[in-house]
Amino acid sequence: MSEETLTENESTVLNALENSDKSLRPGDIAESTGLDSKLVSKTIASLKKKGLVYSPKRCYYDVSNE
């Protein structure tokens, strides 16, 4: 995974997901990182496009295992 192509927010959200032992909701990520929940949702969408994050069930997100 090429971390240098990620924005600071993407890295923050990705780290929160990597450090969790379960799938997280955007609100959970916002709470643990201090980021605004709308910003977290936009960041998750960006990470999904890059193939780094997926949704195992509705409204929950986890790190893709590529």
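Leaving aside its neighbours within four places in sequence, which residues is Ala-30 in contact with? In this predicted model, Ala-30 touches Leu-35, Asp-36, Ser-37 and Val-40, with neighbours within four places in sequence left aside. Ala-30 belongs to helix H2 and is buried, its relative accessible area being 10%.

## Helices H2 and H3

Ala-30 also takes part in the contact between two helices: Pro-26, Ile-29 and Ala-30 in H2 meet Ser-37, Val-40, Ser-41 and Ile-44 in H3. By type, the residues of this contact are five nonpolar, two polar and no charged. The axes of H2 and H3 cross at roughly 115° and come within 9 Å. The crossing of the two helices, H2 and H3, is right-handed.

## The nonpolar core

The largest nonpolar core has 16 residues. Val-13, Leu-14, Leu-17, Ile-29, Ile-44, Leu-47 and Val-53 are those with the most contacts inside this core. Two or more residues come from each of helix H1 (8–18), helix H2 (26–33), helix H3 (37–49) and strand E2 (60–63). H1 gives the most, with four residues. In soluble globular proteins, nonpolar side chains tend to be buried together.

Leu-17 touches Leu-24, Ile-29, Val-53, Tyr-61, Asp-62 and Val-63, when residues up to four places away in sequence are not counted. Leu-47 sits in helix H3 and is buried, with a relative accessible area of 0%. Beyond its neighbours within four places in sequence, Leu-47 is in contact with Leu-6, Glu-10, Val-13, Leu-14, Leu-52 and Val-53. The C-alpha atoms of Leu-47 and Ser-64 are separated by 9.8 Å, and the two residues are 17 residues apart along the chain.

## Helix H1

Which residues of H1 are buried? They are Glu-10, Ser-11, Val-13, Leu-14, Ala-16 and Leu-17. These buried residues pack against H2, H3, strand E1 (53–57) and E2.

With neighbours within four places in sequence left aside, Asn-9 is in contact with Leu-35, Leu-39 and Thr-43. Asn-9 and Val-40 are 31 residues apart in sequence, and their C-alpha atoms are 7.9 Å apart in space. Asn-15 is likewise in helix H1 and is partly exposed at a relative accessible area of 36%. The C-alpha atoms of Asn-15 and Val-63 are separated by 9.2 Å, while 48 residues separate the pair along the chain.

Ser-64 is found in the segment after E2. Is Ser-64 buried or exposed? Ser-64 has a relative accessible area of 19%, and the limit for buried is under 20%, so Ser-64 counts as buried. Apart from its neighbours within four places in sequence, Ser-64 is in contact with Gly-51, Leu-52, Val-53 and Tyr-54. Two polar contacts involve the side chain of Ser-64. A polar atom of this side chain lies 3.3 Å from the backbone oxygen of Gly-51. The side chain of Ser-64 also reaches the backbone nitrogen of Val-53, at 3.4 Å.

Cys-59 is in the loop between E1 and E2. The backbone of Cys-59 has a positive phi of about 70°, although the residue is not a glycine. With 42% relative accessibility, Cys-59 counts as partly exposed.

## Accessibility of the residues discussed

| Residue | Relative accessible area | Class |
|---|---|---|
| Leu-47 | 0% | buried |
| Ala-30 | 10% | buried |
| Ser-64 | 19% | buried |
| Asn-15 | 36% | partly exposed |
| Cys-59 | 42% | partly exposed |

Definitions and conventions: Residues numbered from 1 in each chain as written. Predicted model: local features only at pLDDT ≥ 70, side-chain atom pairs only at ≥ 80, totals over all residues. Heavy atoms only, no water. Core = buried A, V, L, I, M, F, W, Y, C linked by side-chain atoms within 4.5 Å. Buried < 20%, exposed > 50% of the residue type's maximum accessible area, 1.4 Å probe, protein only. Contact = heavy atoms within 4.5 Å. Polar contact = N/O pair within 3.5 Å; in protein donor to acceptor, adjacent residues only side chain to side chain. Axes fitted to C-alpha atoms, helices over the stretch in contact; angles between N-to-C directions. Left-handed = near helix turned anticlockwise from the far one by under 90°. Nonpolar A, V, L, I, M, F, W, Y, C, P; charged D, E, K, R; others polar.
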